[in-house]
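Here is a short briefing on one protein model. Take a look at the structure, then read the points below.

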Amino acid sequence: MNQWTREARYRPLSDIAPEVYQTMKEEVRNSPWRFSYHIQPPTGLLNDPNGFVYHDGTYHLFYQWFPLGPVHGLKYWYHMTSKDLVHWFDEGAALIPNDDADSHGAYSGSGFIKDDAVHIMYTGNKRDADWVRHPSQIVGHLRSDGRIDKHLPPAIPNVPAGYTEHFRDPKVFQEAFGTWYCIIGAQRDDLTGCTVLYQSEDTETWTFLGELKTQYPDFGYMWECPDYFELDDKGILLFSPQGIEPDGDAYQNIFQSGYMIGEKLALPELTYQHHAFSELDFGFDFYAPQTTQAADGRRILVGWMGLPDISYPSDMYNWAHALTLPRELTLQEGRLKQLPVRELDLLRKRTIYAQSTEINHAMVMAQAETFELDLSNLALQTTQFEIHVRAADQEATVLTYDAMTQRFTLDRSRSGAEVPAVDYGTTRTVQLEQPLHQLRLFVDRSSIEIFLNDGEAVASTRIFPKSTSQDITLIGDLTADIAIYEL
């Protein structure tokens, strides 16, 4: 199905014969660059994480899914569950776009616990005969068989005056005294982005409160996937603004994702005193993050390791994208720090290398395709050092640190025969606030996730090397404690 006509994009999975779909699954499963330990689609396209919630010993995580190809079309919610945030179980498609209100897709939304059951709220996407979009916000609950029952008609059936059809991605949260709120990404009639809030006593009937008042009245043309939560007595707003121009090292991707830290939202007055917007991830492939609260109170984030409107080499094999590894968020010195959740230690199959090491010029530390590298107590004798991963004669993903400027650069120009999104550059750089002393890398068959200085800066990036490109090389004069684990 190479001609992605409108009809092809909005064809339901139920139209496909089971044996034909099974063949698609086998072809995808046997294709290059399939992940070893990340959440990925069985076929077709994965995008935003949705409905991330913990209940009764189990994490529920859904994602946007178009099953028939690596393009955006008729979206379902695909359901994954886990006891430990590491080992995920495939529960299949949970939310099926088969009602009038979501006839053209079950778009993004969130999960919440009510009456000791998992509930969701999502955007129903409907198009009329003139292809005009009519979004609505729909509540549902998760049945014991893993499917979602929709509570129809929609809880929020229309877009309020002053906003365009780009009105989506509700995130539901509850105040301590019991009132429910949802924050929705929106576009004003003047084509600028913002968020709006609704209030409810029962999550079924919602009252429009108005627009959240921020210091960014003109910041891109749409704010997608908002998420509000509180951490250490501060109010934190995540969102993904579209239409931000590059500014130095910042805002280099087609679309951005970031956060603002401020005082707790004044509700229902809708005032928010906050600091400047900061990007969450300086890599090439990160968007639409969503958080939940773990059983022990930790705030856990998962993002889409991909971007809208970008082609990837895996497209030719009829699948695209993955979710990032889960990260724990903490608030330190006025910034969000992001660390891989500690449960990820369970991924370690074998220790390949572990010792205090002195390197003079260059050293091949090991060979591996899927691995974790943990480097700590870094002491440099020269101003620059490099790490090459998934390397061979013609290929390498190169990480460079300059001690004079405290700038760290990720270069994927030689990460494989095909490099995605070259129009947006092949390097990404972050300015560190303190000298680099620690880094941790998670490398999968077609991705790398980088955590610097205990979560001060993070980068998520897709790479598409040959399976035989496996060298892990350090270049420079340095000492460090280095551990490499096969995952």
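Arg-6 lies over the face of Trp-131, 3.9 Å from the ring centre. Keep in mind that this is a predicted model. The points below cover charges, rings and sheets.

**Charges over rings**
- Arg-348 also sits over a ring: it lies over the face of Tyr-485, at 3.9 Å from the ring centre.

**Aromatic pairs**
- A pair of aromatic rings is described by the distance of the centres and the angle of the planes.
- The whole structure holds 29 aromatic pairs.
- The rings of Tyr-63 and Tyr-78 are stacked, because their planes meet at 15° and their centres are 5.2 Å apart.
- Tyr-63 belongs to strand E2 and Tyr-78 to strand E3, 15 residues apart in the chain.
- Both Tyr-63 and Tyr-78 are buried.
- Phe-219 and Phe-277 form an edge-to-face pair, because their planes stand at 65° with centres 5.1 Å apart.
- This pair links two loops: Phe-219 lies between E12 and E13, Phe-277 between E15 and E16, 58 residues apart.
- Phe-219 is buried at 9% relative accessibility, and Phe-277 is buried at 7%.
- Ring pairs join Phe-219 and Phe-277 into a cluster with Tyr-216, Trp-223, Phe-239 and Tyr-251.

**Sheets**
- Strands of a sheet pair through backbone hydrogen bonds.
- E11 and E12 pair over 4 bridges, and Gln-199 has Thr-207 in E12 as its bridge partner.
- Another open sheet of 4 antiparallel strands runs E13-E14-E15-E16.
- E15 and E16 are joined by 2 bridges, and Gly-258 is partnered by Glu-279 in E16.

Key
Residues are numbered from 1 along each chain as its sequence is written. This is a predicted model: local features need pLDDT of at least 70, side-chain atom pairs count only at pLDDT 80 or more; totals for chains, interfaces and linings use all residues. Side-chain values use heavy atoms; hydrogens and water are left out. Two strands pair if DSSP finds at least two bridges between them. Rings of Phe, Tyr and Trp (its six-membered ring) pair if their centres lie within 6.5 Å; planes under 30 degrees apart count as stacked, over 60 as edge-to-face and the rest as tilted. Buried means under 20% relative accessible area, exposed over 50%, partly exposed in between (1.4 Å probe, protein chains only). A charge sits over a ring if NZ of Lys or CZ of Arg is within 6 Å of the ring centre and within 35 degrees of the ring normal.
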